[in-house]
Amino acid sequence: MGGVPNLTRADAAAAVRNPLAFVAARWTPQPRTVRRAALAALVMSVIIVVTGGAVRLTGSGLGCPTWPKCTDDSLTTTGAMGVHGVIEFGNRMLTYVLCAAVGWAIVAARSQKPFRRSLTRLGWAQFWIVMGNAVLGGIVVLVGLNPYTVAAHFLLSSALIAVATVMWQRTREGDTAPRPLVGRAVQQLVWFLVAASVLLIAVGTVVTGSGPHAGDSSEVERMPLDWETVSKLHAVLAWIVVTLTFALWFVLKAVDAPREPLARTRELFVVLLCQGVIGYVQYFTELPEALVAAHMLGSSVMWIWVLRVLLSLRERPGTTADLPGPSEAAAVPTRA
């Protein structure tokens, strides 16, 4: 093993003044390391959604009845609070793991050579979303699991997943201007798919807010809506998303689109079918907790794949030299 380099007083001052620049000056990660760091942040953003759902489904939403402490007198859970306190406090601790994953992605992106400001900004965007959602999570506890704040908490987590997905994709691309792989009509169809997916997720939070899983064994406010009616609306939106996905796959085949958009669309269709099966089974079996948790996981995976379909419609070569020349461009068939 090599010796540890001696750090001068000037080095220590530089590390305190700008720790990211200090690390970047002394470490250059491999592109694979940066990709893995971005993927770790994405995976943790999904895990925190699933564990947050587990808190609600086990009735542990008020296991720690206050925030930022677990109780008025204790920062951590106590034996008297039982398993609900352990579950709620454990989910709070996972926020630190998420912060570590996002921090690792920021450090890796900042240290990459050449420096890519766009990647670093995406990492910092995740950090601030995590901080904002942590505060919002505290508000959720302080207002006794008000369903509107719970819905906002989930939607902000979905925003975190979106930014993490974009960063993961960008680690595998260059910084040249994006070059579209499909025509404008196909791009518009995909944006309709994204909009329908956002609406589907938003209505899903209303299903949660009006449904029977309030998040705690005590009397918790619910949204004043008929749960079954909202569930049927959610199902209609799900079928709209499935139909748009199938139409997109058909159009991509018709215009002889590149392999990447076709593959991502096909994968999304499979994810949607699995999510639909889980959704219908949980509806007709009176919402067993395990299936609801699986449906929340499926919602996150679906959202990731919708974004992957969107991002697959263009490419960003590493350098301008990687762009196709005139002869290659001429060989690419014109797409509607």
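Reader: As what does Val143 count, given its relative accessibility?

Author: Val143 counts as partly exposed because its relative accessibility is 44%. This is a predicted model, in which local features need pLDDT of at least 70 and side-chain atom pairs count only at pLDDT 80 or more, while totals for chains, interfaces and linings use all residues. Residues are numbered from 1 along each chain as its sequence is written, and side-chain values use heavy atoms, with hydrogens and water left out.

Reader: Where is the place of Val143, and which residues form the nonpolar patch on the surface?

Author: Elements are DSSP runs numbered from the N terminus, with helices (H or I) of at least four residues and strands (E) of at least two. Val143 sits in the loop between helix H5 (117-142) and H6. Patches are made of residues with over 30% relative accessible area and no salt bridge; like charges are joined within 9 Å, and nonpolar side chains (Val, Leu, Ile, Met, Phe, Trp, Tyr) within 5 Å. The patch here consists of Val135, Ile139, Leu142 and Val143, which together have about 330 Å² of accessible area. Such areas come from the Shrake-Rupley method with a 1.4 Å probe, and for residues only the protein chains shown count as cover.

Reader: How many helices and strands does the chain have, and how much of the chain counts as buried?

Author: There are 11 helices and two strands, in the order α-α-α-α-α-α-β-α-α-α-α-β-α from the N terminus. Of the 336 residues, 44% count as buried. The accessible surface of the chain is about 17400 Å², and 67% of this belongs to carbon and sulfur atoms.

Reader: How should the span of helix H8 be read?

Author: The expected span of a helix is 1.5 Å times one less than its number of residues. H8 (residues 227-254) has 28 residues and should therefore span 40 Å; its end C-alpha atoms are 41 Å apart, which agrees. The buried residues of H8, among them Trp227, His234, Leu244 and Leu252, pack against helix H7 (184-210), helix H9 (259-284) and helix H10 (289-311). After H8 comes Asp256, with a positive phi near 55°.

Reader: With which residues are Pro261 and Thr265 in contact, leaving aside neighbours within four places in sequence?

Author: Contact means heavy atoms within 4.5 Å. Pro261 lies in helix H9 and counts as buried because its relative accessibility is 0%. Beyond its sequence neighbours within four places, Pro261 contacts Leu252, Ser312 and Leu313. Pro261 and Leu310 are 49 residues apart in sequence, with their C-alpha atoms 8.2 Å apart in space. Thr265, also placed in helix H9, counts as buried at 0% relative accessibility. With neighbours within four places set aside, Thr265 is in contact with Thr245, Leu248, Trp249, Leu252 and Val309. For the chain, residues 24 or more positions apart account for 78% of the contacts with a separation of 6 or more.

Reader: How many salt bridges does a search of the whole structure find, and with which residue does Glu267 form one?

Author: A salt bridge is a side-chain nitrogen of Lys or Arg within 4 Å of a carboxyl oxygen of Asp or Glu. The search finds nine. In helix H9, Glu260 and Arg264 are four residues apart, about one turn of the helix, and their side chains meet at 2.5 Å, N to O. Glu260 is partly exposed because its relative accessibility is 30%, whereas Arg264, at 9%, counts as buried. Glu267, partly exposed at 27%, forms a salt bridge with Arg264, with the closest N and O atoms 2.7 Å apart. Elsewhere, salt bridges that share partners join Arg116, Arg170, Glu173, Asp175 and Arg314 into one network.

Reader: What does the side chain of Thr171 reach, and which residues does Thr171 touch?

Author: A polar contact is a pair of N or O atoms within 3.5 Å; within protein, one must be able to donate a hydrogen and the other to accept it, and residues adjacent in sequence count only if both atoms are side-chain atoms. The Thr171 side chain reaches the backbone oxygen of Trp168 at 2.5 Å. Thr171 lies in the loop between helix H6 (147-170) and strand E1 (179-180) and counts as buried because its relative accessibility is 5%. Not counting residues up to four places away in sequence, Thr171 touches Val34, Arg35, Ala38, Arg116 and Leu119.

Definitions and conventions: Buried < 20%, exposed > 50% of the residue type's maximum accessible area, 1.4 Å probe, protein only.
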